[in-house]
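Trainee: I'd like to go through this model piece by piece. Please show me the sequence and the structure, and then I'll start asking.

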Amino acid sequence: MDEIRPDAGTVMVVDDEDMVVDAIQGFLELETDHLVRPFTSARAALAHLEKEPVHAIVADLMMPDLDGVQFLTRARGIRPEATRILLTGYADKENAILAINEAGLYQYLEKPWDNDALAFAIRNGVERSLLFSELTERMAELEAAHDELAGLRQRWIQAFL
């Protein structure tokens, strides 16, 4: 089931509860074209991020070992272009502010989640990540063209002086 449209994007789901990971994975695989990478271990998910890019990350707030904010903060350091979404059953202002500031959070959703809201956040997050990657690629092309033009200009000046 690894066949997706190139622009559909990859979504990482991280929650210590198998039932939550399975529910989100099943929903996304049935209702979207996204490739889903499920994890019940934040550390395993980080190891995966070191090797493979993802476009959106959905992580639970309350996990053993690393909580969602710690995990998403580290994920941000590895894959800054990936959109980060926090899913929590413990909605409080302090955790929301912490997540937004430390992890560069894109969206904060409460459990039990609404499938439409989750799909909307993921779709927009994947699109954001794909656009960011495209912009980065285009900027690199422009910089290379600028450098080439500067070299041509320098050779032209030397040829006529």
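Trainee: Is D65 buried or exposed?
Mentor: Buried means under 20% relative accessible area, exposed means over 50%, and partly exposed is in between (1.4 Å probe, protein chains only). D65 has a relative accessible area of 57%. That value is over 50%, so D65 counts as exposed.

Trainee: What kind of model is this?
Mentor: Residues are numbered from 1 along each chain as its sequence is written, and side-chain values use heavy atoms, with hydrogens and water left out. Local features need pLDDT of at least 70, side-chain atom pairs count only at pLDDT 80 or more, and totals for chains, interfaces and linings use all residues, as the model is predicted.

Trainee: Back to D65: what is its phi?
Mentor: D65 sits in the loop between β3 and α3. Those labels are DSSP runs numbered from the N terminus: helices are H or I with at least four residues, strands are E with at least two. D65 isn't a glycine, yet its phi is positive, about 75°.

Trainee: And what is the omega of the peptide bond from K111 to P112?
Mentor: P112 is in the loop between β5 (107–110) and α5 (115–160). The bond from K111 to P112 is cis, and its omega is near -10°.

Trainee: How do α3 and α4 lie relative to each other?
Mentor: Two packed helices are described by the angle between their axes and the distance between the axes. Axes are lines fitted to C-alpha atoms, for helices over the stretch in contact, and angles run from 0 to 180 degrees between N-to-C directions. Helix α3 (residues 68–78) and helix α4 (residues 93–103) have axes that come within 9 Å and cross at roughly 15°. Under 35 degrees counts as roughly parallel, over 145 as roughly antiparallel, 65 to 115 as roughly perpendicular and the rest as oblique, so α3 and α4 are roughly parallel.

Trainee: How many of the residues where α3 meets α4 are nonpolar?
Mentor: Contact means heavy atoms within 4.5 Å, and here V69, L72, T73 and R76 in α3 meet L98, A99, N101, E102 and A103 in α4. Ala, Val, Leu, Ile, Met, Phe, Trp, Tyr, Cys and Pro count as nonpolar, Asp, Glu, Lys and Arg as charged, and the others, Gly among them, as polar. With 2 polar and 2 charged residues in this contact, the nonpolar count is 5.

Trainee: How many charged residues does the contact of α2 with α3 have?
Mentor: The axes of α2 and α3 come within 10 Å and cross at roughly 10°, which means these two are roughly parallel as well. A42, R43, A45, L46, L49 and E50 in α2 meet F71, R74, A75 and I78 in α3. By class, that contact has 7 nonpolar residues, no polar ones, and charged ones numbering 3.

Trainee: How many residues does the largest nonpolar core have?
Mentor: A nonpolar core is a set of buried Ala, Val, Leu, Ile, Met, Phe, Trp, Tyr and Cys residues joined through side-chain atoms within 4.5 Å. In the largest one, the residues with the most contacts inside it are M12, V14, L49, I57, F71, L72 and L86. β1 (10–14), α2 (42–51), β3 (56–60), α3 and α4 each supply at least two residues.

Trainee: What is the relative accessibility of M12?
Mentor: M12 is in strand β1. Leaving aside neighbours within four places in sequence, M12 is in contact with R37, F39, A45, H48, L49, V54, A56, I57, V58 and F71. M12 counts as buried because its relative accessibility is 0%.

Trainee: Is H48 buried or exposed?
Mentor: H48 is part of helix α2. Not counting residues up to four places away in sequence, H48 touches M12, R37, F39 and V54. At 15% relative accessibility, H48 is therefore buried.

Trainee: How far apart are the C-alpha atoms of L35 and M12?
Mentor: L35 is in strand β2 (residues 35–39), and its relative accessible area of 10% makes L35 buried. L35 and M12 are 23 residues apart along the chain, and their C-alpha atoms are separated by 8.5 Å.

Trainee: One more: how far apart in space are A145 and D18?
Mentor: A145 is in helix α5 and is partly exposed, with a relative accessible area of 41%. A145 and D18 are 127 residues apart in sequence, and C-alpha to C-alpha their separation is 49 Å.
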